[in-house]
Amino acid sequence: MENHYDLIVIGAGGGGYPAAFRVAKSGRKVLMVDEKGNLGGNCLYEGCVPSKSVREASVIWHQIAGVGFFGMEAQGTQADWSKIRDYKDGVQARRYEQHSKEIAGAANLTFIRGQAHLQDASHVAVDDWDRQSSFTVSASNILIATGSEAENIPIPGFDQTWNHHDLFAWKDTQPAMPEDIVILGGGYIGVESASMLSDLGVKVTVIEMAPAILTGMDQDLVRAVADSLGKRVKIVTGVQVDAITPNSGHQYVVKGHSLADGGSEEFLASRVLAAVGRQPSLPKNLNLDQVGIEYSRHGIVADRRMHTNIPHIYAAGDVNGQSMLFHSAVRMSEIVAQDILLGEAMDDFFNPWEMPTTVFSRPEGLAVGMTREHAAARGIAVTEHTRDMGSEAWAQIAGELEGFIKLVISRSSGRIVGVHGVGVDASALSAAAHMAVRMGLTPAELGRMTFPHPTQFEILDRLARSV
Ligand SMILES: Cc1cc2nc3c(=O)[nH]c(=O)nc-3n(C[C@H](O)[C@H](O)[C@H](O)COP(=O)(O)OP(=O)(O)OC[C@H]3O[C@@H](n4cnc5c(N)ncnc54)[C@H](O)[C@@H]3O)c2cc1C
């Protein structure tokens, strides 16, 4: 074991491992420590990958119910949760196996399953769980990428709720789904969970404290998702939950009050799922105070190149609260690697506004860049141009006509500063939308692209040309 490393990475999720691999590949010595003993962090263990696996199963189940549209009949099909769970665990196992090979094949990289604690600005103590030993090493650079954890709310009975761990954790998902469930929180995790569970036959109620679900997203997007999802999920907004109590009938009584008139509200379900948000993971034994690293409840304070107030200590991913998405974490981690390798010559930085956000509900949503409201808050005058998803050949072939896509264009620069939409393939469209916003394209420039026919991507170049 080395005594000194060029880089120590704490946490091997999207915020940690891209930097570790990139810096190690350049010939520098890297130590990476993660409690899970593999790459992928929460995204792979109980987040993006397993949730989208279950979501994929739920969409296929929904499609089977709709095969009549394509002139077919399906008989004898059954959705069996335990088998869906096995399929999900299998996807996770496959990725863990792939990552193990990547770790084994990486030169200059030492990986340890265990916990890391900062000692001072250049020393890290490591508890190695496999060798049952502890040691302290020094580093020229340290990357903190400890991610985030599910938020708790201080109300009676909250400790009896499920969270995403119960739905998606690798080999630790609940063995059965309830007949009915109340989901606390209408953010993207609550909405995606509501959509997939209701497609799998669970009766779902979503309770959101804000006046609408998907707070902060484009108003038309929110309306379109709420209207469509509202046909199969009960969506209650403007209600604050005060207590959760089990009753004698093996159910939970969820009590709350309306924020509009204070009136009491009550809901009954076999289970309650909490999806009330995530908070950066800043455990006491990370020793941020001891080392003097600035942080708040929103995360470790980091600049656009991920430097904390101690410049050779970086914070990337959910832990800095700038954009709590896997691909954002990866991008931040890449920036850390470039900063270490190129120093002042590096001309890249992280811009949360450019990051694509997807809502994997049915229908899907996409958001990149500013909405009209975000722009107004920054004093930017914009115009919006919208096209119906159902006007494209692909939407008609797929039989999914609902939704829209809109370009938000700055009046002064003429550039596309936002793209928002709902409907068929919206999550895939977010990649092209990201390019348009990141590259600061004008509609004329986007309109010169030729996207293949028949795909839903055609909506982007057609809409751009129509502006
Ligand atoms: C249900 C759900 C669905 C999601 N779906 C999506 C999606 O579809 N798309 C998307 O982009 N994002 C999604 N996310 C968000 C995504 O999971 C996170 O943004 C992403 O995992 C952040 O990566 P990270 O590296 O910052 O943190 P994490 O993935 O949380 O990784 C941090 C790692 O650090 C380890 N660690 C913490 N402290 C220590 C320590 N002291 N020593 C050693 N190791 C430590 C942890 O064990 C963990 O493995 C979802 C999240 C959830 C919960």
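The exercises below go from the domains to the ligand, then to helix packing and the backbone.

Two ground rules before you start. This is a predicted model, in which local features need pLDDT of at least 70 and side-chain atom pairs count only at pLDDT 80 or more, while totals for chains, interfaces and linings use all residues. Residues are numbered from 1 along each chain as its sequence is written.

**Exercise 1. Work out which domains the chain is divided into, and describe the contact between domain 1 and domain 2.**

Step 1: look at domain 1 and domain 2, whose C-alpha centres are 33 Å apart. Five residues from domain 1 and six residues from domain 2 make the contact, where being in contact takes C-beta atoms, placed from the backbone, within 7 Å.

Step 2: find the elements. On the side of domain 1 that touches domain 2, helix 2 (41–46) and helix 4 (81–104) each supply at least two residues. Helices here are DSSP runs (H or I, at least four residues), as are strands (E, at least two), numbered from the N terminus.

Step 3: sort that side of domain 1 by class. You get one nonpolar, two polar and two charged residues. Ala, Val, Leu, Ile, Met, Phe, Trp, Tyr, Cys and Pro count as nonpolar, Asp, Glu, Lys and Arg as charged, and the others, Gly among them, as polar.

**Exercise 2. Describe the shell around the ligand: which residues come nearest, and which elements give two or more residues?**

Step 1: pick out the nearest. Of the 38 residues around the ligand, the nearest are Gly11, Gly13, Gly41, Gly147 and Gly317; a residue is near a molecule or strand if its C-beta atom, placed from the backbone, lies within 6 Å of it.

Step 2: list the elements. Two or more shell residues come from each of strand 2 (30–34), helix 2, helix 3 (48–65), strand 3 (109–120), helix 5 (164–168) and helix 9 (326–342).

Step 3: check domains and classes. Domain 1 and domain 2 each give at least three residues to the shell, which divides into 16 nonpolar, 17 polar and five charged.

**Exercise 3. Describe how helix 3 packs on helix 6 and on helix 4.**

Step 1: recall the approach. Two packed helices are described by the angle between their axes and the distance between the axes.

Step 2: take helix 6 (residues 188–199). Helix 3 packs on helix 6 at about 40°, with the axes 8 Å apart. Axes are lines fitted to C-alpha atoms, for helices over the stretch in contact, and angles run from 0 to 180 degrees between N-to-C directions. That angle makes helix 3 oblique to helix 6: under 35 degrees counts as roughly parallel, over 145 as roughly antiparallel, 65 to 115 as roughly perpendicular and the rest as oblique.

Step 3: Helix 3 and helix 6 cross left-handed. A crossing is left-handed if the near helix is turned anticlockwise from the far one by less than a right angle, and right-handed if clockwise.

Step 4: name the residues. Ser51, Val54, Arg55, Ser58, Val59, Trp61 and His62 of helix 3 meet Glu192, Met196 and Asp199 of helix 6. By class, that is four nonpolar, three polar and three charged.

Step 5: turn to helix 4. Here the angle with helix 3 is about 140° and the axes are 9 Å apart, so helix 3 and helix 4 are oblique to each other. Their crossing is right-handed.

Step 6: finish the list. Helix 3 brings Val49, Pro50, Ser53, Val54 and Ala57, and helix 4 brings Ile84, Tyr87, Lys88, Val91, Gln92 and Arg95.

**Exercise 4. Find where the cis peptide bonds are.**

Step 1: know the background. Most peptide bonds are trans.

Step 2: go to Arg362 and Pro363, joined by a cis bond with omega about 5°. Pro363 sits in the loop between strand 18 (357–359) and strand 19 (365–369).

Step 3: go to His453 and Pro454, where the bond is cis with omega near -5°. Pro454 belongs to the loop between helix 13 (443–447) and helix 14 (458–466).

Notes: Domains from an automatic or database assignment. Contact = placed C-beta atoms within 7 Å.
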